[in-house]
Amino acid sequence: MIETERLQLVSFKSSYAQAILKGRSHLERLFPYAISPQWPNANYSLLLPIIALDVLNHPFKQQWNRFIVHKKQRLLVGQISCYEYPDQKDHVEIGYGVVTDYRGYGYGSEVVKAFISWLFSHEHIHTIVAECVIENKASARVLEKCGFCNTSNSGERTYWELIRQKRNVKSF
């Protein structure tokens, strides 16, 4: 489990994936937390069945897809995922979202920082990339706060990259 001061990042278990494919009411009965009525948003609702099938077909991907749970309120308020898994170049692509009522309180930055830390704990991951719609200034600000650099813009999208820092270790 990945945890921050206010949030838990709960793995997307196969049982949750099966419930999602059957419908929200099935997930509500199985998931140990309440689910925000705003979850999932329109964009994520299109990806959710794809992610669920992917997790069912490749159980190792459970850890790469997480639900964001507000600890104090015990409420699912978003998600964070790797849309690409470590490839030959040691890259992963992340995507995230927080429901409308929980935006503007720093939850996005908090969860992205925690996920970055967890991703970089895997030695084979050296680069994390992300993208967002150019008009989504809040998402761009989250990525900036988390150390990402804007690498390019294309049409309606902006692309971001974070490279693992090499540390100089002095030997005594």
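This report describes the fold, the surface and one residue of a predicted protein model.

## Fold

The protein chain contains 5 helices and 9 strands. Following the sequence, these elements come in the order β-β-α-α-β-α-β-β-β-α-β-α-β-β.

## Overall dimensions

The radius of gyration of the protein chain is 16 Å, which agrees with the value near 16 Å for a compact globule of 172 residues. Along the principal axes, the C-alpha atoms occupy a box of roughly 55 × 35 × 30 Å.

Of the 172 residues in the protein chain, 44% are buried. The chain has an accessible surface of about 9,900 Å², and carbon and sulfur atoms account for 50% of that area.

## Ser36

Ser36 sits in the loop that runs between strand 3 (34-35) and helix 3 (42-57). Ser36 counts as buried because its relative accessible area is 3%, while the cut-off for buried is under 20%.

Beyond its neighbours within four places in sequence, Ser36 touches Arg24, Leu75, Leu76 and Val99. Ile125 is 89 residues from Ser36 along the chain, and the C-alpha atoms of these two residues are 32 Å apart.

How values were computed: Residues numbered from 1 in each chain as written. Predicted model: local features only at pLDDT ≥ 70, side-chain atom pairs only at ≥ 80, totals over all residues. Heavy atoms only, no water. Helix = DSSP H or I, 4+ residues; strand = E, 2+ residues; numbered from the N terminus. Rg over C-alpha atoms; globule rule 2.2 N^0.38 Å. Buried < 20%, exposed > 50% of the residue type's maximum accessible area, 1.4 Å probe, protein only. Areas by Shrake-Rupley, 256 points an atom, 1.4 Å probe, with all protein chains shown as cover. Contact = heavy atoms within 4.5 Å.
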